[in-house]
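Me: I have a chain open on my screen and would like to talk it through. Could you go over it with me, one topic at a time?

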Amino acid sequence: FLLVVYKLHEVPPFLYTIALGLQHYLTMFGSTVSLPFVLAAPLCIGNNNPLAISQLISTIFFMSGLATLLQSTFGVRLPIVQGGSFAFIAPTIAIMSLDKWKSTCRPNILPWANLTMDEQVNQTEMWQVRMREIQGAIMLSSLFQIFIGFSGIIGLCLRFIGPITIAPTITLIGLSIISAATFYSSSHWGIAILTVFFIALFSQVLERFPVPMPAFQRGKGCYVTRVHIFRLFPVLIAVITSWVLSAILTSAGAFTSNRANPTYFARTDARISVLQTSPWFRFPYPFQWGTPTVSVASVFGMLAGVLASMIESIGDYYACARLAGAKPPPRHAINRGIGMEGIGCVLAGMIGSGNGTTSYSQNVGAIGITRVGSRAVVQCGAVIMIILAIISKFGAIFASVPNPIVGGVFLVMFGLVTSVGLSNLQFCNMNSPRNIFVVGISIIFGMAFPTWLRTGTNSSVIKTNVTELDQIIIVLLSTNIAVGGFVALILDNILPGTLEERGMHIWSRETANASNVMSYEYAKDIKRSYDLPFGMSTFFQKFACTNYLPFCPPRYDDLIEESEQHIDLESRKEYISTVV
């Protein structure tokens, strides 16, 4: 395990806790703020409606903070941040590609202030009715995740899911939404590429150089310290730098003032009106966009996103525990974590973030950089997310970011998601023709067939004479991660191959180590790290029936006592054999 400054159950000083919590917020900022921009096109939110983007930004940050608090307090109890997931974007695009939604998407291109009251109402209803459909799909499909987690089935399913299945599934998350990066970058490819350059410069080159910063400490007074700000905030600094450059070019008249021209949205004042129209404070509440609607096709389609986020989170649990200096999470903690993520997704659907929640890998990496594995730090970061989400002017500022800057961030983010998926192949033998075949065919087929099905009238080939069944099949086969992940799962389990060849031996060994609750040291550490808070574990353990609940901690005191007796017996046997 890594040497950490603050362990899982330790609490840093108050000001350190706030500063480190703010850092977690800023680390997940880039990925989270980009989601509403990706959702804008499938939800039919026009470029002339930045207020809707602002509201979605505030809602998704509010939901991220709430889900993080629930997960770190009652779920897996690791210092792991919850946030929106790109895994839910592909099903959303597939659902909104159905004829009943695609044929009625006609956003007005006129400035919002120039629209009549009736036109503004129609434009608002156009995207909110789509949001209500996505809300219903997320809420019902997340009930499946809750069942899978709290019933303990997720532990049984892991034996069939390995790196060969996970790699294409996560890779297709990034590849399937590349059109959003193209759309935003096309406003001005020069600014988009410059944003990519700045992110690469700050995160890969300058991150090793600390920057002198003024500081103050009681007893020491004012002094100069060195901080790795480029390592901590590369995306934020890159966005601000490109934003300033775009403002200079806008003032110099480098961009057109014709709204019909795509380059108009490279201007920094293209959506500046949102700062005036948005209120200072806005509290996201359940069903704020209206009562969610439900269709069977949407629910089944969204299941693909739920399954992909579950698989991604399990890997993050083990990585987070390793970087935080904790023992690998036991099975009951993983079950509880997946179940709590399902509850977070249900709440996200109720509040209307347009997305579910999942664990954030980049915040797991931040723990490795800072070597602070304290649970309290992440909980503090969650409170900061909620507070800033209520200040709606904050979301309005980032809703006015010029399109090509958003496109540049997308190019980097989607590339990272794709490469994270491919990184799972490090556990496999990629010199094996079997593995090369499975990975290659699952990625290509996962891109080719859904793209063809969504093109023109090709979806009309699906005819079962039952409209609802047609829609279910179309949505599932139009979702890249569903098609690619299913192909990879089937091929990986039916084609001959050893566990070592498939990379399953590493996963099996780690799971076995995590389940070895009979060791004395492990039982004590697990009890302190993963037990439920506020005496809940002690309360549940009073009832014998809770031993059969897969999400409840076992009676560790009995296990520790048995382990001590076993150790004492082994010591006696060793002593007797030595004497003899």
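Me: Let me start with one side chain: is phenylalanine 198 buried or exposed?
Reply: This is a predicted model, and in it phenylalanine 198 counts as buried, because its relative accessibility is 14%.

Me: And which residue does phenylalanine 198 pair with?
Reply: Phenylalanine 198 forms an aromatic pair with phenylalanine 202, and the pair is stacked, with 5.9 Å centre to centre and 5° between the planes. Phenylalanine 202 counts as buried too, because its relative accessibility is 7%.

Me: Why are phenylalanine 198 and phenylalanine 202 about one helical turn apart?
Reply: The two are four residues apart in helix H10 (residues 189-205), so about one helical turn separates them.

Me: How many aromatic pairs are there in the whole structure?
Reply: A search of the whole structure gives eleven aromatic pairs. One of them joins phenylalanine 37 and tyrosine 184 in an edge-to-face arrangement, at 6.0 Å centre to centre and with 85° between the planes. That pair links distant parts of the chain, since phenylalanine 37 belongs to helix H2 (residues 29-40) and tyrosine 184 to helix H9 (residues 178-185), 147 residues apart. Phenylalanine 37 and tyrosine 184 are both buried.

Me: Which residues make up the aromatic cluster?
Reply: One aromatic cluster is formed by Phe37, Phe183, Tyr184 and Phe410.

Me: Now the core, please: how many residues does the largest nonpolar one have?
Reply: The largest nonpolar core has 121 residues, and those with the most contacts inside it are Phe61, Phe86, Phe410 and Phe414. Helix H14 (residues 296-323) contributes the largest share of this core, namely twelve residues.

Me: What is phenylalanine 86 in contact with?
Reply: Setting aside its neighbours within four places in sequence, phenylalanine 86 is in contact with Ser31, Ser34, Leu35, Val38, Ile173, Ile177, Phe414 and Val417.

Me: What about threonine 32, where is that one?
Reply: Threonine 32 lies in helix H2, and it is buried, with a relative accessible area of 0%. Apart from neighbours within four places in sequence, threonine 32 has contacts with Ile60, Phe61, Ser64 and Tyr360. As for phenylalanine 61, it is 29 residues from threonine 32 along the chain, and the C-alpha atoms of the two are separated by 7.3 Å.

Me: Changing topic, how many salt bridges are there?
Reply: The count comes to four salt bridges. One of them is between the side chains of arginine 434 and aspartate 492, at 3.0 Å from N to O. This pair links distant parts of the chain, with arginine 434 in helix H20 (residues 433-454) and aspartate 492 in helix H22 (residues 480-494), 58 residues apart. Arginine 434 and aspartate 492 are both buried, and salt bridges that share partners join Arg434, Asp492 and Arg502 into one network.

Me: What does arginine 132 meet in a salt bridge?
Reply: The side chain of arginine 132 meets that of glutamate 125, at 2.5 Å from N to O. Arginine 132 counts as buried because its relative accessibility is 11%, whereas glutamate 125, at 36%, counts as partly exposed.

Me: And aspartate 269, what is its partner?
Reply: Aspartate 269 forms a salt bridge with arginine 267, at 2.9 Å from N to O. Aspartate 269 is partly exposed at a relative accessible area of 35%, while arginine 267 is buried at 13%.

Me: I was also looking at helix H6: how far apart are its end C-alpha atoms?
Reply: They are 48 Å apart, which agrees with the 50 Å that the 34 residues of helix H6 (residues 117-150) should span at 1.5 Å a residue. Just after H6, glycine 152 takes a positive phi of about 85°.

Me: How many disulfides turn up in the whole structure?
Reply: The search finds zero disulfides. Among the cysteines, cysteine 345 is buried with a relative accessible area of 0%, and cysteine 380 is buried as well, with 18%.

Me: To finish, what is the secondary structure of the chain overall?
Reply: The chain has 27 helices and four strands, and of its 580 residues 52% count as buried. Among contacts between residues at least 6 apart in sequence, 82% join residues at least 24 apart.

Notes:
Residues numbered from 1 in each chain as written. Predicted model: local features only at pLDDT ≥ 70, side-chain atom pairs only at ≥ 80, totals over all residues. Heavy atoms only, no water. Core = buried A, V, L, I, M, F, W, Y, C linked by side-chain atoms within 4.5 Å. Buried < 20%, exposed > 50% of the residue type's maximum accessible area, 1.4 Å probe, protein only. Contact = heavy atoms within 4.5 Å. Expected span 1.5 Å × (residues − 1). Disulfide = S-S within 2.5 Å. Phe/Tyr/Trp six-rings, centres within 6.5 Å; stacked < 30°, edge-to-face > 60°.
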